[in-house]
Amino acid sequence: MVRYCLNIFAIAALLILNSCSKEKSLVKEGVALQISPAIGEITKTLVDDSNISSKEIGIQITNQTGTQLYDGNGVYANMRLFKPAGSWVFDNGAGLSREVTVNGENAKIYAYYPFTSNPASFVGTGETSVLMVNIPKEHKKDSIPDYLWCAQDKTPPPGGSAINSNNASVQLKMNHSLSMIAFVFYKSGYEQTGNITRMEIKSTSGSNLFRVNKEGINDLRMKLSNGEIVGGSVASSLTITNINSNITLSSDPGIIPATLFSQRNFHMLLVPASVANRDDIEFSFEIDGSIFTAKFPGTGELNLTSGNAYILTVKLSPKSLNITGVAEWNLVSYEVSSGYEDLWYGMQPVQIGSLLWAPVNVGYDPANNPYGLMFQWHRKYGQMFGTLNVVNGPVLLALGNDVANSTKFYKNETSPFNWCTTYESSWNMSEQYNPCPQGWRIPTLSEFSSLRSGGSTWVNAGEGGMNNVVGRWYGGNHNTDRVGSVFLPAAGIISNQGNSSYRLSSQNGQYSTSEVSGNDIYRLRFTESINETSTINRAAGLSVRCVKSL
């Protein structure tokens with residue numbers, strides 16, 4: 001599961017609290033909060049909008065800085081949010097209802113899953129609060145929960161207003177803390193049942209890569225402030241037992257993550273980890289009583305990040321087993337009743353003319369990468385600004401669009417500076433090459449020109465850009481309240497030499513179009529003083545903003 005996203009409910013102002021409780025009331029005249037869930041259409045992980053109504057969520061409410069409980073009310077230290085029938089309610093975990101209100105003081109909401117009423121399992125206040133977690137070195141299939149966390153002082157994230165009696169409608173976004181590796185098996189000439197009973201993942205070098213429970217008194221815990229898993233111990237291997245899954249597929253299931261995820265034989269949830277060389281990771285599978293082993297395919301660094309999944313397709317033959325494909329899937333994108341539940345953290349696309357513009361760049365992450373990723377032209381996978389994984393090009397088109405090479409940037413310092421051995425006439429928007437979500441695509445030159453013609457306003461860092469980064473607002477009320485406007489951050493560029501520049505100094509936004517100009521490509525380029533469409537070489541890494549025709 002790679003960083004996963006989850007929005008579970010919207011909070012609406014409802015009624016006035018009259019203090020008849022024996023426990024301390026938050027305020028005499030506060031705005032009560034009523035919870036309603038969001039139901040998503042796509043299931044990407046174990047807990048999401050499609051099944052959240054059957055779950056129990058832990059809630060803590062503090063002041064805006066997360067240093068003390070809201071208004072000093074001890075009732076708000078650890079409440080259960082659940083849906084017994086009809087609507088969501090708060091209680092103390094044992095059936096005693098709780099009424100939650102906010103007054104003029106700004107609040108912050110901390111949340112976690114799964115809920116516990118054990119005072120030893122959830123401790124601390126606000127920024128120091130932690131949930132004790134259970135991740136054994138050896139465990140049974142499906143025994144590790146999909147641990148979730150939230151620390152939110154705005155409505156909705158990102159941006160929004162402070163949470164108080166004037167702004168009591170909150171879209172609360174839950175985040176995944178763990179990473180996932182999932183497995184989809186298929187047979188090739190293998191005649192037996194193909195019953196998988198056990199799997200081990202290990203470092204062949206013996207490196208302690210995996211964070212697990214500590215023997216004796218376990219102190220493995222998840223911080224609610226940022227989802228980080230700390231404490232515990234480390235191990236060089238992890239094992240899943242009692243899998244008991246039969247292989248039913250008889251052909252390669254393909255590369256589409258959503259399809260693969262629904263066909264998985266089993267999965268493993270694990271604490272995020274960085275592996276210097278993925279070739280160090282080896283899998284051992286017990287199938288029909290025999291042991292089969294395989295290395296994690298590809299070379300280079302492997303980052304198992306929170307909310308992300310690696311889905312491995314595995315071919316079982318009579319005398320061998322091979323991992324034939326790796327699909328990486330971001331699991332953090334679950335939104336509240338937007339119609340775009342699996343895209344942009346609850347943000348809506350912006351309609352300008354006959355186009356819908358995505359609200360953020362491809363690869364956007366509000367906490368870790370508000371600029372998005374950088375894409376070489378006609379590549380499905382983008383790289384991080386500042387990447388050091390720069391290798392020599394040009395390479396075949398298929399090689400550059402293989403997920404095993406997704407973190408590689410292919411430099412080319414020889415004219416005409418193409419990362420690829422071929423010169424495609426336009427960016428193919430098929431699943432194999434399109435970095436945008438299904439139904440979305442890269443803008444054309446004329447579409448960027450039309451966007452420019454609607455006017456724009458440059459903002460410096462902290463002057464009203466999304467996530468307070470530097471960039472331009474285009475279209476709509478770009479110079480006032482930004483209604484109907486889309487924000488493009490000045491994310492910089494990765495040059496054909498593999499150097500990342502023009503982000504923090506000489507702020508520069510450069511966005512790919514789907515069209516070419518001879519050996520070069522067309523782009524949108526802007527700074528504080530420049531706003532133009534021009535050309536650049538194909539090896540450069542630019543930002544990508546997706547559009548959808550109405």
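**Strand pairing and aromatic contacts in the predicted model**

A hairpin of 4 residues joins strand β42 to strand β43, where strands are DSSP runs of E of at least two residues, numbered from the N terminus. The structure is a predicted model, in which local features need pLDDT of at least 70 and side-chain atom pairs count only at pLDDT 80 or more, while totals for chains, interfaces and linings use all residues. Residues are numbered from 1 along each chain as its sequence is written, and side-chain values use heavy atoms, with hydrogens and water left out.

Strands β42 (residues 520-526) and β43 (residues 531-537) run antiparallel and are joined by 7 bridges; two strands are taken to pair if DSSP finds at least two bridges between them. Within this arrangement, Y522 stands opposite T535 in β43. Strands of a sheet pair through backbone hydrogen bonds, either parallel or antiparallel.

The pairing of β19 (residues 221-223) with β20 is antiparallel and extends over 2 bridges, and R221 stands opposite V230 in β20.

Aromatic side chains were examined next. Rings of Phe, Tyr and Trp (its six-membered ring) pair if their centres lie within 6.5 Å, with planes under 30 degrees apart counted as stacked, over 60 as edge-to-face and the rest as tilted; by this rule there are 17 aromatic pairs. One of them, between F183 and F283, is edge-to-face, with 5.4 Å from centre to centre and 85 degrees between the planes. Since F183 lies in strand β16 (residues 179-187) and F283 in strand β26 (residues 281-287), the pair ties together parts that are 100 residues apart in sequence. F283 also forms a tilted pair with F296, at 6.1 Å centre to centre and 35 degrees between the planes. Here F296 lies in the loop between β27 (290-295) and β28 (302-304), so this pair links parts that are 13 residues apart in sequence. Both F283 and F296 are buried, a term that means under 20% relative accessible area, with exposed over 50% and partly exposed in between (1.4 Å probe, protein chains only). F183, F185, F266, F283, F285, F296 and Y310 form one aromatic cluster.

Charged groups also sit over rings, a contact that requires NZ of Lys or CZ of Arg within 6 Å of the ring centre and within 35 degrees of the ring normal. R80 lies over the face of F82, at 4.0 Å from the ring centre, and the charged end of R503 sits over the ring of Y371, 4.0 Å from its centre.
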